[in-house]
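Subject: Structure handover

Hello,

Here is the structure I said I would pass on. My notes on it follow below.

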Amino acid sequence: MRFYGFLLCLPLVGSPVWAESPAVDAERAALEKWFESDTSEPPPVVINEGKLDFLATAPAGEALHHHQNKVKITAESLQEGWAQLEQCHDNLDQAAAMQITFRDGYIRDMKITEQRNIGKAWMEGSSLQLSKVGANARVCLQARTRALRIQDDGTYVLLNGPYMRKFLDGYYPMQVSMQIEYPADLLKVAAVTPAVQTGFSVQQQRGSVGFDALFAGELRTSIQFEAL
């Protein structure tokens with residue numbers, strides 16, 4: 001059996017890729033057959049090549065990789081840009097090796113807090129390295145992330161992404177959830193990008209804002225805050 005690794009390029013952090021049509025079902029079957037074989041050349045399948053497609057529902061019968069984030073912005077964050085991050089990944093793809101990467105200089109104090117069905121997990125520079133990732137795998141970490149940017153006009157913006165689930169030159173469906181806590185006496189939410197649509201929902205209340213996304217491709221998000 002061929003083990004395969006997905007590269008997830010993360011920040012600090014439409015129609016399904018596997019549409020319910022005979023042509024796409026055949027493409028997926030061919031790709032899965034290649035994973036099980038010893039053939040060096042992959043089949044000529046058509047998969048998402050980077051364009052962002054929001055999905056109304058998850059592909060049937062597939063346990064999607066779910067990337068969950070909790071970010072806490074404090075009064076100190078407004079001065080230095082660093083915020084607290086808790087991140088978990090559920091239903092990771094089975095692989096002999098995998099890495100979760102962060103932008104250099106925008107992550108620090110990373111610590112693994114939980115792992116399940118993973119042979120080994122360790123930090124290497126600004127990345128989390130995983131080996132022998134099994135079925136129903138889960139990994140969680142804590143860190144400090146420099147995701148909050150102070151704009152020239154005095155506003156603040158929290159940028160994240162690109163989120164992706166990638167293999168070779170194609171992108172596969174995944175789910176990303178984000179929950180942000182902020183000091184309600186100092187900030188208010190001014191805008192969230194992308195806009196609310198099928199596959200991208202936003203939840204908001206005083207002192208908290210979040211989103212849930214179901215997509216294939218590369219997702220970049222921004223949440224803009226105004227000072228009170």
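Arg108 lies in strand 6, residues 107-124; helices (H or I, at least four residues) and strands (E, at least two) are DSSP runs, numbered from the N terminus. The model is predicted, so local features need pLDDT of at least 70 and side-chain atom pairs count only at pLDDT 80 or more, while totals for chains, interfaces and linings use all residues. Residues are numbered from 1 along each chain as its sequence is written, and side-chain values use heavy atoms, with hydrogens and water left out.

Arg108 counts as partly exposed because its relative accessibility is 35%. Buried means under 20% relative accessible area, exposed over 50%, and partly exposed in between (1.4 Å probe, protein chains only). Leaving aside residues up to four places away in sequence, Arg108 touches Trp82, Ala143 and Arg144, where contact means heavy atoms within 4.5 Å. From Arg108 to Gly125 the C-alpha to C-alpha distance is 9.4 Å, and the two are 17 residues apart in sequence.

Arg144 is in strand 7. With the same exclusion of residues up to four places away in sequence, its contacts include Glu80, Trp82, Tyr106 and Asp109. The side chains of Arg144 and Glu80 are joined by a polar contact of 2.9 Å. A polar contact is a pair of N or O atoms within 3.5 Å; within protein, one must be able to donate a hydrogen and the other to accept it, and residues adjacent in sequence count only if both atoms are side-chain atoms.

Disulfide

The whole structure has 1 disulfide, defined as a pair of cysteine sulfur atoms within 2.5 Å. Cys88 is joined to Cys140, with 2.1 Å from S to S. The link of Cys88 and Cys140 is right-handed, with 110° about the S-S bond.

Met98

Met98 is in strand 5, residues 95-101. Met98 counts as buried because its relative accessibility is 3%. Met98 and Leu130 are 5.1 Å apart in space, C-alpha to C-alpha, and 32 residues apart in sequence.

An open sheet of 4 strands runs in the order 8-9-16-13 with antiparallel pairing; two strands pair if DSSP finds at least two bridges between them. Strand 8 (148-150) and strand 13 (187-193) are at the edges with a single partner strand each, so one side of each has no neighbour in the sheet. Neighbouring strands of this sheet are turned by 25° against each other on average, direction ignored. For such angles, axes are lines fitted to C-alpha atoms, for helices over the stretch in contact, and angles run from 0 to 180 degrees between N-to-C directions.

Strand 8 and strand 9 pair antiparallel over 3 bridges, and Ile150 has Tyr156 in strand 9 as its bridge partner. Their hairpin has 5 residues between the strands, and Gly154 there takes a positive phi near 90°.

Strand 9 (residues 156-163) and strand 16 (residues 219-227) run antiparallel and are joined by 6 bridges. Leu159 has Ser222 as its bridge partner in strand 16, and Leu158 stands opposite Ile223. Strand 9 is largely enclosed by the rest of the structure, because 6 of its 8 residues are buried.

Whole chain

The chain has 2 helices and 16 strands, and 49% of its 228 residues count as buried.

Regards
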